[in-house]
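Q: I am new to this structure. Please show me how to read its features, one at a time.

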Amino acid sequence: MMGNSRKVFLFAAVVFAASSLFAQASRPDALKLYREGKYKESIEVCEAEIAARPENMDSYAVLCWALVANKQYAEAEQRATQARKINAADIRIMEILGEAKYYLGKNNEALAMFQRYVSNASETAGRLGTAYFYMGEIYVRQSKFEHADISFSAAVRYEPTYSAYWWTRLGYAREMTGDWKSAIVAYDKALAMNPSQYDATRGKTRCQSHL
């Protein structure tokens, strides 16, 4: 027969495992909070997770997403930079650091991070279209409209139904290069998705006046 000490040990192990599972089940889900738009709550959960496990890259990724969504761009840049010291190869951190730097007006630094992200991400990466969109916006800021056309075209290729605004920006980039017909194609795509997209309507009218 099994000794009493052995029985006690197994019972304790079962209780510990059950309590651990219960703790995990009852712990707030930072990613779920983020997706629900509860950014402050998500940030708090992530900070607690990182305090308990300082090298938890999943927590860093969600934390930085929530910080950017909550418009805490300087904090997002700081925390993403810290995360990259732990794991510089984490593509999620590359992308969100690019976003933080974009909103802080650090165009060249942001562009470098986005370029690193798209170079390392797979074709099915979740934020690939987003990265290309931000690259396009940076090129618009720099008046590099042909580069913007390429980036916006990639953005809508990866996420063709994401946003009428993205198609409008592609139309604008093409308009700025004088490619009126291709610009109209992009503006028409935007208007098909959202007929009230005013910038697309105005852009299309401007382009038609050149034909």
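A: Start with contact: it means heavy atoms within 4.5 Å. Keep in mind that this is a predicted model.

Q: Which residues does Tyr117 touch, not counting residues up to four places away in sequence?

A: Tyr117 touches Ile91, Met94, Glu95, Ala125, Gly126, Arg127, Leu128 and Ala131.

Q: How many residues are in the largest nonpolar core, and which have the most contacts inside it?

A: A nonpolar core joins buried residues such as Leu, Phe and Tyr through side-chain atoms within 4.5 Å. Here the largest one has 63 residues. Phe114 and Tyr117 have the most contacts inside it. Helix α4, residues 57-69, gives the most to this core: ten residues.

Q: How do I read a helix such as α8?

A: An α-helix has 3.6 residues a turn, so residues three or four places apart point the same way. Now take α8, residues 128-141. Its 14 residues reach 20 Å from first C-alpha to last, close to the 20 Å expected at 1.5 Å a residue. Ser143 follows α8, and its phi is positive, near 60°.

Q: Is α8 mostly covered or mostly exposed?

A: Mostly covered: 13 of the 14 residues of α8 are buried.

Q: Why does Tyr134 count as buried?

A: Buried means under 20% relative accessible area. Tyr134 has 9%, so it is buried. Its place is in helix α8.

Q: Which residues is Tyr134 in contact with, leaving aside neighbours within four places in sequence?

A: Glu99, Tyr102, Tyr103 and Phe114. As for Glu95, it is 39 residues from Tyr134 in sequence and 10.0 Å away in space, C-alpha to C-alpha.

Key. Residues numbered from 1 in each chain as written. Predicted model: local features only at pLDDT ≥ 70, side-chain atom pairs only at ≥ 80, totals over all residues. Heavy atoms only, no water. Buried < 20%, exposed > 50% of the residue type's maximum accessible area, 1.4 Å probe, protein only. Helix = DSSP H or I, 4+ residues; strand = E, 2+ residues; numbered from the N terminus. Expected span 1.5 Å × (residues − 1).
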